[in-house]
Amino acid sequence: SIELPKNLIAIGEGILMNCSQLKKATLPYFDYLPAWTFAGCSCLEEVDMGNRIASIGKAAFKECLSLKQIALPHSLNKIEEEAFQGCVNLSLEKLPEKVFTIRANAFRGCSSLKLDTLPKNTKKVGHFAFKGTSTSSIKVPSKIKDIPSDAFDEGVIIQTE
């Protein structure tokens, strides 16, 4: 378990990468979660990100195999490439309403993930963003600008709200 100091406002990329024994982390005062922060932390189960994070960096939680649920802050508006890729046990009820960009491979291989609606502010979804999830049908906002045909698995029913 790690709880970073409350006066710490930023950390570097990959700072906790491959900490295979890390199970819990608390980072309540960051505005941005850097790339590769928890990548490869296979035992990570719980993360408290506080309520200020606006962007989750590239591969920040990639291959966190034990991560089942995570409270994404309402302030979150961008999920970068591969942010949760390979988090096979991750289950989210929904994404925060402010999320407007979900980059390529963001949730690829999250086989336990089953979303039924994208946030109303979503404007862009990247290639393979939800490939390999349990999503079978999803509602997308009508103002979405770009959703590639390979963002979801073949056969997923995409409905416009």
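Rings of Phe, Tyr and Trp (its six-membered ring) pair if their centres lie within 6.5 Å; planes under 30 degrees apart are stacked, over 60 edge-to-face, and the rest tilted. This is a predicted model, where local features need pLDDT of at least 70, side-chain atom pairs count only at pLDDT 80 or more, and totals for chains, interfaces and linings use all residues. Residues are numbered from 1 along each chain as its sequence is written, and side-chain values use heavy atoms, with hydrogens and water left out.

Q: How many aromatic pairs does the ring rule give?
A: Apply the ring rule to the model. The count of aromatic pairs is five.

Q: What is the angle between the planes of Phe 61 and Phe 84?
A: The ring centres are 5.0 Å apart, and the pair is stacked. Phe 61 is in the loop between β5 and β6, while Phe 84 is in the loop between β6 and β7, 23 residues apart. Strands here are DSSP runs (E, at least two residues), numbered from the N terminus. The angle between the planes is 5 degrees.

Q: Is Phe 61 buried or exposed?
A: Buried means under 20% relative accessible area, exposed over 50%, and partly exposed in between (1.4 Å probe, protein chains only). Phe 61 has 0% relative accessibility, so Phe 61 is buried.

Q: Why does the pair of Asp 31 and Arg 52 tie together parts that are apart in sequence?
A: The two form a salt bridge, with the closest N and O atoms 3.0 Å apart. Asp 31 lies in the loop between β2 (24-26) and β3 (32-33), and Arg 52 in the loop between β4 (46-48) and β5 (55-56), so the parts tied together are apart in sequence by 21 residues.

Q: Which residues do salt bridges that share partners join into one network?
A: Glu 80 forms a salt bridge with Arg 103, with the closest N and O atoms 3.3 Å apart. Glu 80 is buried at 14% relative accessibility, whereas Arg 103 is partly exposed at 25%. Shared partners give one network: Lys 78, Glu 80 and Arg 103.

Methods: Salt bridge = Lys/Arg side-chain N within 4 Å of Asp/Glu carboxyl O. Helix = DSSP H or I, 4+ residues; strand = E, 2+ residues; numbered from the N terminus.
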